[in-house]
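Please examine the sequence and the model shown here before reading on.

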Amino acid sequence: MSSPSAVAEAVGAAPDPRPRRAFRVPRPGYLVTKLAAAAVSFGVTLVIGFVLFNVMPSDPVRTMTRGRPVSEAQLAALRVQLGLDKPIWERFFDYVGNTLHGNLGYSWEYQQSVASLTLSRVGPTLLLMGTSFAISVVLGLWLGMRSGWRAGSLFDRVTSSTALTLWSVPTFWLGMILLIVFSVGIGPIHGFLPTAGMSDPTLPQTGMTHYLDVARHLVLPALTMVLVVYAQYVTIMRSSIIEEKGSPYLLTARAKGLTDDAVRRRHALPNAMLPSVTMIFMHLGGLISGAVTVEAIFSWPGLGDLTYQALTIPDLPVLQGTFIVFSASVIIMNLLADLAYRVLDPRVRAQ
Amino acid sequence: MVVRESRRIRAMLAAACVSGLLVAGPAALATATAARADSSTGATSGTTLRVAMDSSGVDTLNPFTAYFNGALDLFGSIYPSLTSIDENGVPGPYLADSWTLSPDHLTWTFKIHSGLKWSDGQPLTAADAAWTLNLIMTNTVAGTANGTLVSNFASVTAPDATTLVIKTKQPQANVTYVSIPVSGIPIVPQHIWQSHVADLKDYKNDTFPVVGYGPWTLTDYQTDQYAKLDANKSFLLGAPKYDHLIEQLYKESDAAVAALKAGQLDYINGVNATQFSSLQHTGGITTAQAAGDGWTGLELNPGARTRSGKPIGTGNPALSDPVLRRAIAQAIDKKTLVAKVIDGQGQVAAGYLPPAWPQWNWTPQAGEEQSFDPAAANKMLDAAGYKTGADGIRVDPKTGKPLNLRLGIHSDSSNDSAISTYLVGWLKAIGVGVTIQPMSMTALNSDLGKGDWDMLMDSWTTGPDPTYLLGIQSCSTLPGDDGNGGNTDAFFCDPNYDKLFAQQATIFDPAQRAQVVGQMQDILYKADVDQLFYYATNKVAASTKVTGLVTGKPDNGFYPAQTSFWSYLKAAPVAQSASASSGSSTGTFVGLAGAVVVVGAGAVVVRRRRGADDRE
């Protein structure tokens, strides 16, 4: 996989493992620039969020009340109640004003505030996404490091091909297969895992039994997520390790008489980590938006599915509200990534 | 070397841990709770019936503002209504033991059953019903979901605890359908709700157990997950046979079917044709088809216009010609659609009202049936002057433009896409070109309202009272001149139809009313604006450990419409056999064994790696 030119570039770019300087508080200028950039991104996001959802051809009132005996007067009243009778610029200013006041709006479909709707689903979303994220990062980075270090070995070939195969598999299909094998059972295997939800309603909803029960329900959705996404970390880590492997500083480290493990761990790994860290932070920001397919298959009460449901009406306050939450989360995580980079990479600190 | 060796061991341990987490996790956790009892018995004391909640879920537990079917099913179980709908689809007693109508057809007097108590012990009287209905009539928020149902009510009073008097402004035949389980108005306890009138919009009604009266009491609801209910053993219409009811939300119907096969679920109302065919051959599961309560069909834009007759939208003007519409109707082979699209699980449609409610049943008179006859359709179009162009597409004689029609379909419906491919071929055979336009439901609705369409796939379901479904075909539902308002289904408008619509609302003899409703269906059938293809059956699947879930007697292989109200009330556990539990523990052991094998394999891989290291 490692082309000579890539190695050459890596050699050029590789920093000397100089003794680390203590972390300085970033210059106010740097922080201000980054904060300003984040604020601008957020502003642009607000506009995009509004335009995107409002230009969609839709008729929320008819869609929402379809099949229910509603009179025309009621439809008209509903239009007024939802603010759909106002001109679009007025709705835009209402939306911006409300957002800046921390008010995410009021769901049309669920008849409750978007904040409370979102809050009730944040816990389950983060539990599922956090667990699968942590496992895939640890597993992916570890496998990537190992297979990159011995690129071309049997271990590398098995790891990389397995990871890429799973990465190419449709999430929906994999989830259904796992559901059928582990919940329903196939041939000699009897199903033993729950098919849906986050807990078994017949068990007490508190204490150790409850935690174990939630863990049981978490297994299949988290497993599906891990299997589908861990390949990203494997491939990124693998290629950065391969790039670092040829670096002269590693030769120096070996010449000092360090063991292979120590060279990999103390010298190659920290440099190879940088691209992965970027990706980890990017994904951290996206965690809160959940995973629509996995949540749908395993009926996990998460935010991804809420957003999808809202899109079918479309429930504009929910869409706009969750869009703001999701974007804010990505923007904050990017900001943190920028700051973390200063800690991890001395070169950035010089900027 | 010692250091190196310990690292290897650490790495091996890590590998084992990770693969363990991934694979042994399920097994380990399974053992922790493997001793769990079978789904039908449950861990809580007593028997538990586990059913799949309607996939729409619950939008809110506030019965005044909820729209979703998942919520309506719950309200049907936990709040009473004035009347119930019996197995023949006609109103029967519930809170009201009996009712009478004054000779002027304006005053209804309901005799409310005496001695009933809400689940908190407070008396349930006619005053509660009067208070609920009055609130819906007078409070805009309270009327959000059901305001229309009482819009013709002049007053509702409770002169004493067992008498409820409803006066209507105009004679209204369907008063006994206004408060029925699930699709009608639920009666709520006044002593609980009167303090929430001010904040009705925000009141979530999530203090458990929810005070109500019905076959069940709601004891817990977890957002987007499940509702837990306890049986009301002193229920007026017979005690539920189960002690507990759990409605679990499955967002994906395949997952619900998997749960049914795994024994984690006892009942699904509404599986699709593919799932039904597979479940028919699955052991431990019974299936049944109930007569469909809705139709699937095609709408043709007959010339969209506003209430005052101003044309709107971009619909193809050719479709205002009844000859073309009739030709399209004759070009479509409904029997093939039933056989191929829904696996034969349904009936070819003709009348506008579905067979689930046999009292409104209407069939075209002999000689007036529109049958599949492309040759006749072609002949008809030739005679009307639609000449065929060089590309095989006919030309509209009025505009001189080729007959190319747009066909809007629901992008998330596999049935729509299957039907639309047939339609393209069939309409090509009569010289009509079709462009399929898949759209989201909401985009379709938007185009529909503006008249920006030629043909749309459409489907509707209805409860036992057809007023609403009939209403969306009346002229009064056309949009106003500003293009807003209105809830017309297909811009159909016929004064004769409207006259009959007004007439049927005031006919109190069911047979006579059905006859007028039949004439209305005749008008719709002959107009070819709503071309109905089929009534798909409502397919249910249940565990064989439960009996009684499927209610009524089959007629011609089809059961009457299945409602959650009666199904859950009549469901009863079948005596258990002992074999089920041993099977699940075997499963655990097999799972554990599998996990051990995989972890072992992982360890071997790591060992091999270690060997490779050493070889270097």
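## Confidence in the model

The structure is a predicted model. For the complex, the predictor gives an ipTM of 0.79 and a pTM of 0.79.

In chain B, pLDDT averages 84, and 86% of the residues score at least 70. Two stretches of chain B call for separate mention. Over residues 578–590 of chain B, pLDDT stays under 50, and the model has 21 contacts beyond four places in sequence for this stretch. Residues 602–616 of chain B likewise stay under 50, with 14 contacts beyond four places in sequence.

## Chain A

Chain A contains 15 helices and 2 strands. Its C-alpha atoms fill a box of roughly 85 × 65 × 40 Å along the principal axes. Of the 351 residues in chain A, 42% are buried. Among chain A contacts between residues at least 6 apart in sequence, 73% join residues at least 24 apart.

Helix 5 of chain A spans residues 88–100, which is 13 residues. From its first C-alpha to its last, this helix reaches 18 Å, close to the 18 Å expected at 1.5 Å a residue. Just after helix 5, Gly102(A) adopts a positive phi of about 80 degrees.

## The largest nonpolar core

The largest nonpolar core has 239 residues, of which Ala129(B) and Ile268(B) touch the most other members. Helix 9 of chain A (residues 207–245) supplies the largest share of this core, 18 residues.

Leaving aside residues up to four places away in sequence, Ala129(B) touches Leu82(B), Leu95(B), Ile112(B), Ala158(B), Leu164(B) and Ile187(B).

Notes. Residues are numbered from 1 along each chain as its sequence is written. Chains are lettered from A and ligands numbered from 1 in the order in which they are written. This is a predicted model: local features need pLDDT of at least 70, side-chain atom pairs count only at pLDDT 80 or more; totals for chains, interfaces and linings use all residues. A nonpolar core is a set of buried Ala, Val, Leu, Ile, Met, Phe, Trp, Tyr and Cys residues joined through C-beta atoms within 7 Å. A residue is buried if 20 or more other C-beta atoms lie within 10 Å of its own, exposed if 12 or fewer, and partly exposed in between; C-beta atoms are placed from the backbone. Helices (H or I, at least four residues) and strands (E, at least two) are DSSP runs, numbered from the N terminus. Two residues are in contact if their C-beta atoms, placed from the backbone, lie within 7 Å. pLDDT is the predictor's confidence in each residue, from 0 to 100. The expected span of a helix is 1.5 Å times one less than its number of residues.
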